[in-house]
Amino acid sequence: MLITRADPGAPDPAATLDADDAAFLDDLGVRRVTVRPADADAAPTDVVDLDGVHLGYLAGAAADAVLVRPDFYVFGVAAGPTGLAALVDDLRQQVSARVPQP
């Protein structure tokens with residue numbers, strides 16, 4: 001799951017992904033979730049952080065995005081569009097890595 005935070009009036013950081021990165025995440029089945037504060041205008045697909053827990057986590061990690069593995073471990077965090085692109089590239093490299101045969 002890719003969780004991004006969007007400040008009021010700001011676009012979703014996931015919208016900055018290029019077509020290749022977006023397609024790669026889609027092919028893996030990565031769900032994208034945008035978290036907005038309770039006082040922001042949220043789209044029907046956004047998650048509203050009523051208690052500030054998720055946004056507080058992202059702020060504490062100095063991150064605009066967090067990539068969470070299916071087992072709920074954090075794969076990595078990113079700040080800004082270049083950080084998000086680098087995070088997706090890191091995931092692509094690790095998913096594509098070949099496992100040595102015994």
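Three helices and five strands: that is the secondary structure of this protein. Keep in mind that the model is predicted. Read from the N terminus, the order is β-α-β-β-α-β-β-α. So much for the elements.

Next, dimensions. The chain has 102 residues, and 34% of them are buried.

How about contacts? Take the pairs at least 6 apart in sequence. Of those contacts, 47% join residues at least 24 apart.

Now the surface. The accessible area is about 6500 Å². Carbon and sulfur atoms account for 56% of that area.

Last topic, the largest pocket. Its volume is about 330 Å³. The lining has 14 residues. Which of them lie nearest the centre? Those are Met1, Val30, Val68, Arg69 and Pro70. If you have the structure open, pick out those five residues and you have the middle of the pocket.

Which elements supply at least two residues each to that lining? Strand E4, residues 65–68, is one of them. Helix H3, residues 80–96, is another. Val68, listed among the residues nearest the centre, falls within the 65–68 range of strand E4.

To recap: a predicted model, 3 helices and 5 strands, and a largest pocket of about 330 Å³ with strand E4 and helix H3 in its lining. That's it from me.

Key:
Residues are numbered from 1 along each chain as its sequence is written. This is a predicted model: local features need pLDDT of at least 70, side-chain atom pairs count only at pLDDT 80 or more; totals for chains, interfaces and linings use all residues. Side-chain values use heavy atoms; hydrogens and water are left out. Helices (H or I, at least four residues) and strands (E, at least two) are DSSP runs, numbered from the N terminus. Buried means under 20% relative accessible area, exposed over 50%, partly exposed in between (1.4 Å probe, protein chains only). Contact means heavy atoms within 4.5 Å. Accessible areas come from the Shrake-Rupley method with a 1.4 Å probe; for residues, only the protein chains shown count as cover. On a 1 Å grid over the protein atoms alone, a cavity is a set of points where a 1.4 Å probe fits but cannot get out, and a pocket is an open set with protein on both sides within 12 Å along at least five of seven lines; lining residues have an atom within 4 Å of a point. Grid points are joined across faces, edges and corners, and a volume is the space filled by probe spheres set on the points.
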